[in-house]
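Please read the points below with the sequence and the 3D view at hand.

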Amino acid sequence: MKKIIAVVLTLLLIAVCFTGCKGADEPKPPPTDSSTPSPNATDGKRDIPLIGMSHLGVGTNNYTTIYTDTLYKMMEEEFKGQVEFYLVDSQGDAEKQLSDIDDLIEMKCDVVILWPVSATAVIPGVRALYEAGIPIINTNSGIDVSAQKMLTAFSGPSDYNQGYQAGEAMIEALGGKGKVVELSGLAGYDTAIQRTAGFTDAIKGTEIEIIASEPADWSTEKAQTIMETFITKYGKEIKGVYCADDGISAGVLNALDAAGMNDGSIAITSPTLFASGYDAIAEGKQYASVLQSPIEDAKLALQLAVKVAKGESIEFDNRIPTFVVTKNNYKDFERPSW
Amino acid sequence: MKRPLKAVTVFCREYTIIPILLVIFAVFSIYSESFFSVTNMLNILQQSSIYGTMALGMTFLIISGYFDLSAGVVMGLSANLVIILQRSGFSIGLSIVTTLVVSFFLGSINGILVTKARISPFIVTLAMMITGRGLTYFLCGGDQIDSPYERFMDYANGKIWGISFLSITFIVLLTVSAIVMKYSKHGRDTFAVGGNADAAFNAGINVDRVKTINFIICSLSAGVGGVMTASRMNAATPFLGYPDGAIMIITCVVLGGTGLQGGYGSVLRTLGGTIAYFMFRNGLNMMNVTTAYYYILTGAILIAIVTLDKLQGKKRKKVLQEE
Amino acid sequence: MNSEKKPRSKLARFVSNHALLIGFFVIIIFFSLATNNFWSKANLLLLLRQACVVGIAACAMTYVFIAGNMDLSVGALITLSVLISVDLHDKIGPLPSILLAIACCIVIGIINGFIVGYLKVHSMIVTLGMMMILRGVMLLYTGGQLTWVDNPNETWFSIFGRGTVLGIPFPAIMLFVFVIIFELVLKKTTFGIKVQATGGNPNAVKYSGIDDRKIVLITFIFSALMSAIAGLVMGSRTMKFQIEIAFGHEFSAISAVILGGTSLSGGFGSVYKTLIGVLIMASLYNGFLMLGLPYYFQWIVQGVVILIMVGFDVLTKKKEGSL
């Protein structure tokens, strides 16, 4: 009986491997071009360029998901047959990202789109790509300044600027003074650090004071817990809440709801607009958020990569526009699908 | 003609990880041409080196009957410590030595609490994991930190004749561990203690000392892993190794066939288990498998490997009984 | 190793038996004195409500531990339950989605329990693998997207996480009821005795015909069921789903169980003590937040607290010679 189970499990395992691998978005059958694949091919030129991407973490949140979906959609609709696209996911692990980059180099990519987990820890990987002669498009989160000369281009929003914009919105909402609490992103992540820095710099010199700050790890549930505790501790002292994204502001709104304080008198700003934030702004429960479209982010990165793969030259600095969305202007913008 | 075949079958049954490795290798080689190359194999070796080194220490501990849940956090703590020390003005060499001393110290705390205070090792290492995590964040202030010395990354990212220094370190440590395990008194005592602690005690072995030494070996290898990681990234992040760093290390050991109940196993098995895991990961990358399938396949193969190994173990016992 | 039984004062015995509870009160008193609003009705109720998700899951985790195993898939199971109950709430109605969530979790529990109980594979890797599989499956299903319940205030589903009965949060009432049931079953029924025997006394199991495989299976089913219910509480609280929502919760549950004195190698334990463990951890988290200290302080303290509690417990037991 046990033996049968063992055999079945092994077969199942192999079957899962085959179907799993085939079920992936870009199954790769052995190339049918003229050059026979040899184990040590050092000059095996593909017939179409290969764009590799080292991703920070698919499925981390809505933003990264839509970003990734946009990439695949663009590949299907626009670039099919022109380029090949491979994505490796570091799942938030800075060290794995370095291994992933090595894998991309092994695959002999022609261009690499890099979305770093850590601005500083990724530098050896950047260097490896540079020394392998592979152009790098740095997307969304910037890498450390010291290594930027090895990049071919940067594209994306600026977390720092968005934090700054959210800070300006807060100044506007509170008339330049008041106590706020901050619920930041995942402690230690560059995105979180930049958004905090932008906000803090924006409110410098005003009478707005951050009386408490806790990392909410981009999690609605954690944000809810933290906000509940803040409400208990500070009560009516809180005039504003700075949330590192709208996933967090959703939790904050829940907590305010439960405490009966959700009448819009507390100003909430966040640097990243989600659908839930859009609705909250429309209802007057949230003051402002910043529209940063993952669709535009992804489109720009892939377009730049394709250009480079085809040998065209591009600008170094490519920013996607970001907009502050408030009750006054939300109707000008489409409700985000994320 | 039957004898060699039977010998091979028995060998494969004993070391289940080998046929599994071969199957993984074969499947990916067929489906991905980038996978099947010497440079990629060296690539896999390099990627296995850090966890492989840590798994060596864990192997000693597991054979003596315990496991260490704090190993991942000790790795993270060491990585952050070595960078912080460098930022405070320590030289590269001194920062590494100090960090290793600290990990040695942490291992001895584990060992003493388990042997002298008689607290369950699960509890001790779990508490060490939680405390260590707090200390790691405390050290770096919750931020990612990078090393002021550019040369520091040359170690982990450098190669000689195409083989990375990390791989060389791993292989050297592997050889040393294998020798210690097979030919030293401590090695033999470790097996004895893991097999039957009371009998070992009665035979005059200082069981407490053996256990403590193994805890130290485990934490020390985690410290080495931390230094390697810090050098690889030339930076450290606060969330290294938590929450499942230790679990992954244990997984590498167990995949090779070393049992968690202790008493048997070998570092070669651990090598097999570690390579299997990282080869699988690399292969999935080469085949552009999406993240969701990556999780599903990895989870499935982990369960499949340990189940197969368990079932083969039963068959082994049966065969031995019949002979 | 029989030491002479010294006559112990009643006070000493009382303290050693109730060390955990006393420690809990010490922590509460400390925070109440050190901050302004820790000791307030609003905050204490809040603390209670926040402890419920982990607490409910920890009830069953205690059983799994007593039987000698661990369940690392708990976090993923809670997430699964949140996903099904929140995502399908608007599509098929609250009651069917709740039942479906429970059913799916139980299926996973059965698979876990079968592989660990009947195939005798070590629970650590199996439940780790299952956790990864679940993660991948959920990623596939949601595509990484958020999902939520519209009109959260108008559904009776909100009672799980948000309701109150006579001023006490509804999930807290559920928690207390579960603790009482699980504790009574553990201590007063034959099933409970069998669970303890499975973990602690393999000889008894062999010679008294206890089917330890079935016992293990049932403990995993309980763990999955409680995780499902914990997920209902969490989903009801947030009315939203995010893929990362409950990963890591298994370690919180495990820490609570360990803090409560249950360990993997004991074959004994207490759900009531696990509850105190849960409350201690929740108080530490809440208390440090109130104190305004950096978030990583609580981890350092948590680890040390665990060691102190357990060490104290063990040392006093040792004096009495009851080890």
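The numbered points that follow take up the domains, strands, core and a chain interface in turn.

1. The structure is a predicted model.

2. Domains of chain A. The domain assignment divides chain A into domain 1, made of residues 47–157 + 295–320, and domain 2, made of residues 159–291. The centres of domain 1 and domain 2 of chain A, taken over C-alpha atoms, are separated by 30 Å. To the contact between them, domain 1 of chain A gives 7 residues and domain 2 of chain A gives 8 residues. On the side of domain 1 of chain A that touches domain 2 of chain A, 3 residues are nonpolar, 4 are polar and no residue is charged.

3. An open sheet in chain A. In chain A, 6 strands are arranged in the order S2-S1-S3-S4-S5-S11, forming an open sheet with parallel pairing. Strand S2 (84–89) and strand S11 (317–319) of chain A each have a single partner strand and stand at the edges, so one side of each lacks a neighbour in the sheet. From one strand to the next, the twist averages 20 degrees.

4. Pairings within this sheet. Strand S1 (residues 50–55) of chain A runs parallel to S2(A), and 6 bridges join the two. In this pairing, A:His55 has A:Asp89 of S2(A) as its bridge partner. Strand S3 (residues 111–114) and strand S4 (residues 136–139) of chain A also pair in the parallel sense, over 3 bridges. Here A:Val112 is set opposite A:Ile136 of S4(A).

5. Strand S6 of chain A and its partners. Strand S6 (residues 177–184) of chain A is mostly covered, with 6 of its 8 residues buried. S6(A) runs parallel to strand S7 (residues 207–215) of chain A and is joined to it by 8 bridges; A:Val180 stands opposite A:Ile210 of S7(A). S6(A) also pairs in the parallel sense with strand S8 (residues 238–243) of chain A, over 5 bridges. In that pairing, A:Glu182 has A:Tyr242 of S8(A) as its bridge partner.

6. The nonpolar core. The largest nonpolar core has 323 residues, and those with the most contacts inside it include A:Met170, A:Leu183, B:Met58 and C:Ile56. Helix H3 (residues 41–66) of chain C supplies the largest share of this core, 17 residues. Because domain 1 (47–157 + 295–320) and domain 2 (159–291) of chain A both give residues to this core, it lies between them. Leaving aside residues up to four places away in sequence, A:Met170 touches several residues, among them A:Val180, A:Ile208 and A:Tyr242.

7. Chains B and C. Which residues form this interface? In it, 38 residues of chain B are in contact with 39 residues of chain C. On the side of chain B that touches chain C, two or more residues come from each of helix H6 (121–140), helix H12 (245–255) and helix H14 (291–322) of chain B. H14(B) gives the largest share of that side, 15 residues. The residues on that side of chain B divide into 26 nonpolar, 9 polar and 3 charged.

How values were computed. Residues numbered from 1 in each chain as written. Chains lettered and ligands numbered in written order. Predicted model: local features only at pLDDT ≥ 70, side-chain atom pairs only at ≥ 80, totals over all residues. Buried ≥ 20, exposed ≤ 12 C-beta atoms within 10 Å, placed from the backbone. Helix = DSSP H or I, 4+ residues; strand = E, 2+ residues; numbered from the N terminus. Pairing = 2+ DSSP bridges. Axes fitted to C-alpha atoms, helices over the stretch in contact; angles between N-to-C directions. Contact = placed C-beta atoms within 7 Å. Nonpolar A, V, L, I, M, F, W, Y, C, P; charged D, E, K, R; others polar. Core = buried A, V, L, I, M, F, W, Y, C linked by C-beta atoms within 7 Å. Domains from an automatic or database assignment.
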